[in-house]
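Please look over the sequence and the 3D structure shown here. The report below takes up a metal site, a helix and a set of paired strands.

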Amino acid sequence: MRIGSRCGDRGAERKAPALSVFRDDEDGFTTVAVALALLLSLTLVFSAASAGWVGSRSAEIQNVADATAMAGVNAVVGFSTIVQVVDACSLSLGLTGIVVFGAGLVLSCVPGLTAVGARACAAGKSILDTRTSFVRSATTGIERLEAALPLIVVANSVSCVAANCEDGLSYLGCAIPFPQRSRSDFSALSAEIDDAGMDELSERMREVSEESGEAYERMREALERGWRADCGSTPYSLYERAGSLAGLPAAENRYYPTSDTWTFGAALVRARNYYAARLSAESVQGNNAEELTDSACRRAFYEYALGEMRAGYWVERDDGSVDARMPLLPRNADETRASSLYSRQEWPCTVENGSRVLHCSLSCPGALGPSSGQASLEQLDMGVVARCGSCKMDVGELGRVAAASTSIENGFEYHWRLIVKAAEDYRAARAEWAEAEAKTKELAEEGEGAFEGALDQLSAGGPTLCPPGAWGCVSVVYRSDGGMLPGELTEAFLQSADLPAGVAVSAAALAPDEDTDGGNVLASFFDSLGASDSVVGGSLDGLLELWGSLLVGYGSACEGIAGAGGGFLDSFDGVLGGTTGSWLKGQLKGALDAAGLAPVDMRLRKPVLVNTQDVLDQSGYDDVSTVREFVSRLPDATTPYEFARSLGVELTDGASGGRVTVAELEIPGTGVSVPLTIDLSALGGVP
Ligand SMILES: [Zn+2]
């Protein structure tokens, strides 16, 4: 018996019979062993490869679901952009109308510009009418488009799913919009702006302005007439007569080259100086009784006139009233009787042959008897005193003094009378003008209120936008089994196998794209209308420009809306001067600033992937069970549309033909109507 083995002993037959296939006599691997090892390795490699292929193919379904959700939200993005543009159009059209109406009110306040004001008001009214019909058609169009939105979302997502079917893999699924039904409210969009108040006011303003303008013209004409009689007429005028007849020095006889600085008060001062000079130069004397009477009458007249002129005054007040006394001098016996000249007891009397006789002066050759005090011409007419046979002094003699100089052009009184008449006309016209101006101011204040009211109606609030898909879209994508593994991987080493069925769920929602400038969107929209400012003529050039700047201003925080409107109003500055219109313009600009018309949020929206649970939570669905329900229904549906319907999505085809006219937009001031048509194929295509 031997214990152990001898080293290197080859003699003993100790190989296990089972291993002999793999090991040869020299303890190396047999060919069979090598072949088997190779086979095993290759099988493992191919198994791993097919597992990797299956894994990657299985994971692809999630990408498809993500893309499908994004495609669904894309349709909602398109819709919300349309509503944003329509909203901006509605607001900017309303504002354009109100601002143009405001300009009409401003111009209606200005006499001489009322016709332009009426045109501006009509233009403003027509823009507001345009807006009304635009928002009406737009509301209908948007509601129709919104009704078709679920179908567009489903269609858009279905085409995305279809585009991902490749490599023998077949997907079925679509995106479901949440909320499923519209929760939008477009009634604010179609709220009308009541322009009746402004319209009625503007008409009254124009009436009053015309009255004011006419009164002003009459006032200017009377002033001009007065000035001409005082300084402007040739060869004679009050100024010229005062210089030649009384020899008044320039300091007492001021010349006014135009009526601009002249007033009726200047003529009164001149007349006062004139009669003072004439009176001091007139001493009663004459070569005979007749000359003596003339001289005495002139002196009496000058004295009377000077007293009258000194009692006269001329004050123009700021409220438009004129406080004045411009004395009219008697020009004949009758007018003399009506004046204090008639009753003044200043004529000397003597007693001749027992009766009391009135004389022009005690120097009268007929005044021989003793002096007997003084009497009036009225007393003479009454027979209290007798008429002197020599000087023949009576009211007729006195009345003759001014008769000639009042009736012919070279008389001082002729020009004075013209001035007094002009002053009366001026005073009346000025009072009417002041009254009309006060009424204009009152109406302008009402106009400011009506303007603010219209702005309030406009800024009362925009539409509530919550279309189907506003909270997001949830996509459910199903991959049926039967996706065969590529034969190259399997046929030699593995049994042929199918890719198992799979489901993926994803969700996407709208997020504002901070990089977009809404102003650019609106600017290109405005450009696309192809409107040309040249269509608008007359003083309302710039109307289209105004709308353009207001429209684009709505989407851009850089340009103030109030600034654009105020700029338009400022363009009338050249014609307003210091009128009530100018005041109203300032008030309207203030109202625009105070209305707080901030630019609307015109940032475009873009789809972003979100947590499915967030979208379902917002919609009131329980995450897990809902998804399970979606998934369970999906394979039973033969088409995605059936699937969508089975989940309660109302698919209304409101867009047959692929194009929807959202609204008819009339370009302000042009009468050109542009249909705003949406090509649904751009939104995702409708089957
Ligand atoms: Zn006498």
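What arrangement do the four donor atoms around the zinc ion make? The model is predicted, and the answer below is computed from its atoms.

## Zinc site

The four donor atoms subtend angles of 92 to 123° around the zinc ion, which makes the arrangement tetrahedral. The cut-off explains the call: four donors count as tetrahedral if all angles lie between 85 and 135 degrees. For four tetrahedral donors, the ideal angle at a metal is 109.5 degrees.

The protein donors are His359 through ND1, and Cys364, Cys388 and Cys391 through SG. They lie 2.1 to 2.3 Å from the zinc ion. Along the sequence, the spacing of the donor residues reads H-x4-C-x23-C-x2-C. Cys388 has a relative accessible area of 3%. Cys391 is also at 3% relative accessibility. Buried means under 20%, so Cys388 counts as buried, and so does Cys391.

## Helix H10

Helix H10 covers residues 395-407. At 1.5 Å a residue, its 13 residues should span 18 Å. The end C-alpha atoms of H10 are 18 Å apart, so expectation and model agree. H10 does bend, by about 25° at Val401.

Which residues of H10 are buried? They are Val395, Glu397, Leu398, Gly399, Ala402, Ser405 and Thr406. These buried residues pack against helices H6 (289-311), H7 (333-338), H8 (340-343), H9 (377-382) and H11 (412-458). Strand E4 (347-352) is another of their packing partners.

## Paired strands

Strand E1 spans residues 171-178. E1 is mostly covered, with seven of its eight residues buried. Eight bridges join E1 to E8, and the two run antiparallel. Phe178 stands opposite Gly472 in E8.

Strand E8 (residues 472-479) also pairs with E11. Seven bridges join E8 and E11, again antiparallel. One of the pairings is Val476 with Val505 in E11. E11 in turn pairs with strand E12 (residues 605-610). Six bridges link E11 and E12, which run antiparallel. Here Ala509 has Val608 in E12 as its bridge partner.

## Burial of E11

Why is strand E11 described as largely enclosed by the rest of the structure? E11 runs over residues 502-512, and eight of its eleven residues are buried, so the rest of the structure largely encloses this strand. E11 has bridges to E8 and to E12.

Notes
Residues numbered from 1 in each chain as written. Predicted model: local features only at pLDDT ≥ 70, side-chain atom pairs only at ≥ 80, totals over all residues. Heavy atoms only, no water. Buried < 20%, exposed > 50% of the residue type's maximum accessible area, 1.4 Å probe, protein only. Helix = DSSP H or I, 4+ residues; strand = E, 2+ residues; numbered from the N terminus. Pairing = 2+ DSSP bridges. Donors = N, O, S within 2.8 Å, 3.2 Å for Na, K, Ca; no water. Tetrahedral: all angles 85-135°; square planar, octahedral: opposite > 155°, others 65-115°. Expected span 1.5 Å × (residues − 1). Bend = angle between axes of the 7 residues up to and from the residue. Contact = heavy atoms within 4.5 Å.
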